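Please read the points below against the model.

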Amino acid sequence: MMVDISQKRDVVRIAKAEGFIRLKRETINSIKEGKVPKGDVLKVAKVSGILAVKKTPELIPMCHPIPITSVSIDFELCEEGIKVKCTVKSIGKTGVEMEALTGVTLALLTVWDMVKSFEKDETGNYPNTIIENVRVVEKTVSKLDHLTSSVCDLDPSQLP
C-alpha cells in the first residue's frame, strides 16, 4: 500500500546521491578524447539521469509522484573510473531520496552501456567493470514557514 502523505506539509526537500563505476584507464581516455562511437558519454548519461529522476514513480511502485523543481547530474573522472553525483530538489510532502538514487544509478548504467565495447574481455565479459557505492550522501528538509500564501506563489529567491 502507498503511504498516505495527505496530512503532511509541503517543505523544501533536497537529496544528494552518488555512485562510482570502475572502468579501464583506456576507457576513461576514450571518454575524455571523445572517441566513444556511441557519442558523448557524459552528456548522454546526464540526460539519462535527469529523465530517470522524472520517471522514478513509474519505476518504483510505491514511490509518490512529486513535483521536481531541480535536478543536477555531475561527473568526476578519476584514473580508475567515474564518480556520478545527482542532486534533486522538490517542494512537497515526501522526500526525493529515491529520485536521487534512481538518477545516479541510470547515469552509471548509461556510462556502462556506452563504453561496454571498450570494457569487454576476450570472452565478452566485464571482469573489471563495477558499479559500486551507490548511496544517499545528504538529505535536507527546510520548512516554508516564511510563506503566507500557497507554494505555487513561491519566489525562487526565497529558497535555500
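1. V71 has V88 in strand 3 as its bridge partner. Strand 2 (residues 68-78) and strand 3 run antiparallel and are joined by 10 bridges; two strands count as paired if DSSP finds at least two bridges between them. The hairpin that connects strand 2 to strand 3 has 2 residues.

2. This is a predicted model, in which local features need pLDDT of at least 70 and side-chain atom pairs count only at pLDDT 80 or more, while totals for chains, interfaces and linings use all residues. Residues are numbered from 1 along each chain as its sequence is written, and side-chain values use heavy atoms, with hydrogens and water left out.

3. The chain holds 3 helices and 4 strands, in the order β-α-α-β-β-α-β from the N terminus. These elements are DSSP runs numbered from the N terminus, helices being H or I with at least four residues and strands E with at least two. Contacts (heavy atoms within 4.5 Å) are counted here at a separation of 6 or more, and 77% of them link residues 24 or more positions apart.

4. Of the 160 residues, 38% count as buried, where buried is under 20% relative accessible area, exposed over 50% and partly exposed in between (1.4 Å probe, protein chains only). The accessible surface of the chain is about 9,200 Å², and carbon and sulfur atoms hold 53% of that surface. The areas come from the Shrake-Rupley method with a 1.4 Å probe; for residues, only the protein chains shown count as cover.

5. Beyond four places in sequence, the contacts of L23 include I28, I31, I82, V111, V115 and T129.

6. Outside four places in sequence, E99 touches V53, T56, C63, H64, I66, I68 and V88. K89 is 10 residues from E99 in sequence, with a C-alpha to C-alpha distance of 9.5 Å.

7. E18 lies in strand 1 and is buried, at 12% relative accessible area. Its contacts beyond four places in sequence are K83, V84, K85, V104, N133, V134, R135 and V137. Of these, N133 belongs to strand 4 (residues 130-142) and is exposed, at 55% relative accessibility. N133 is not a glycine, yet has a positive phi of about 55°.

8. The whole structure contains 0 disulfides, a disulfide being a pair of cysteine sulfur atoms within 2.5 Å. C63 is buried at 11% relative accessible area, and C78 is buried at 19%.

9. The average pLDDT (the predictor's confidence in each residue, from 0 to 100) is 90 for the chain, and 89% of the residues score at least 70. Residues 147-153 stay under 50, and the model has 5 contacts beyond four places in sequence for this stretch.
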